Amino acid sequence: MGVIRGVALGGRQGAFDITIEGDRVSAIAASADASTPRWLAMPSLVNFHAHANRAFAAPAQRPTSLTDAVAAAGRERASATVEIIRQRAARLFRSSIEHGVSLIRTHTDVDLVTGMRAIDGVLAAASDLRAALDIEVVAFANACADPARVEMQALLTEAVAQGASLIGAVPALCREPAVSLDALLDLAVALDVAVDIHLDEHLDVDSALIEQLVEGSVARRLEGRVSVSHACVLSAMDRDHARRLLDRMAAAAITLVVLPELNLYLQGRGGAPRERGIAPVIDAIAAGVPVRFGTDNVRDWFFPFGDGDMLETGYVGAIASHVDGADDLQALMCGGRRCIAVGEVANLVLVPASSFDDAIARRPAGRVSYHRGQRVGVDAIPTSSGETELVDGAQ
Ligand SMILES: [Zn+2]
């Protein structure tokens, strides 16, 4: 058992002591120490959408558009070895642990050129760090890969057999988007896996596929097993129309994954930007849609900045989407957890800040993380049986 003393909590006044027993939070109580907290405790950060196999691959790239970025990524595809991919993914995973991320969902390229190389590289990096970071692998039929093709279905099936727990695709970039979308959903049913799909990453209302996805998910009884990443087009629709779609997403328990940095960076590119390109997060939350944030690409052909810090993404997302409340922002950054609660798994991060707003404002380094009750960090990544020591948060 260990106690973290005198910490601030998001959305609450005062200082608190958090008790951890085994891998659980066993108590949260007002602290006897009334001095101003020096640490904020929050649920561990969760990066719900990344591309670890490409991370840090092209830091100097400045894409002129999403299409330009897709072409640049495609040119490199043949030369990336398993070892290169393992190193990229390991760098992002280690950086994530430093920032206090406890779970990362990474869309991992599966196409006819890459084959299983990206899956193998990411899984190799993941196996070294599993005691400190949960890693969900999406077998991702990327822009060069159509899930309607039999060869691609075989590759996605192989990737799931290797360890991917979800499948994904980019139907808008396939020859017949509607056919490819249905093919992906059919394959998810056949393989009994969840889906995370890059959908409607554009602002063209006439080519939106979100309605087809909702109907296709319900028809296949995939409720609760489908995530939509991007859905930028919702921001370009008439607001009432978008709200009706969000109501239907909520009824089908479809998760909306919003990528603030990438959406702001790539949408409306090619001139002085006029649109935000970010799905209406406030309306989605109001409709009851589970909404999550992710970093998306990190220093690759699609985005030249970032290092996997979800606190940074929360800061940008708060500005872009006008979400103000600490509980809602924590849910967006922390995989749906609005606060630290007694009885839940002790995945939490201490940020050297006096309050939630102070943490968001400065995004300071020097964070202390607990993963299933164990202290973790680049210098203290425990083995699965290793004991780690709790710190006094006020020290
Ligand atoms: Zn993505």
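Cys339 is partly exposed, at a relative accessible area of 38%, where buried means under 20%, exposed over 50% and partly exposed in between (1.4 Å probe, protein chains only). The structure is a predicted model, in which local features need pLDDT of at least 70 and side-chain atom pairs count only at pLDDT 80 or more, while totals for chains, interfaces and linings use all residues. Residues are numbered from 1 along each chain as its sequence is written, and side-chain values use heavy atoms, with hydrogens and water left out.

The closest cysteine sulfur to that of Cys339 belongs to Cys334, 10 Å away and too far for a bond. A disulfide is defined as a pair of cysteine sulfur atoms within 2.5 Å, and by this rule the count is zero. Cys334, likewise in no disulfide, is buried, with 1% relative accessibility.

The second topic is the metal site. His49 (NE2), His51 (NE2), His198 (NE2) and Asp296 (OD) coordinate the zinc ion at 2.1 to 2.5 Å. Donors here are N, O and S atoms within 2.8 Å of the metal (3.2 Å for Na, K and Ca); water is not among the atoms, so sites may look incomplete. Along the chain, the donors of the zinc ion have the spacing H-x1-H-x146-H-x97-D. His51 lies in the loop between β5 (45–50) and α1 (66–76), and Asp296 in the loop between β12 (291–293) and α10 (310–321), so this pair ties together parts that are 245 residues apart in sequence. Helices (H or I, at least four residues) and strands (E, at least two) are DSSP runs, numbered from the N terminus. His51 is buried, at 2% relative accessible area, and Asp296 is buried with a relative accessibility of 2%.
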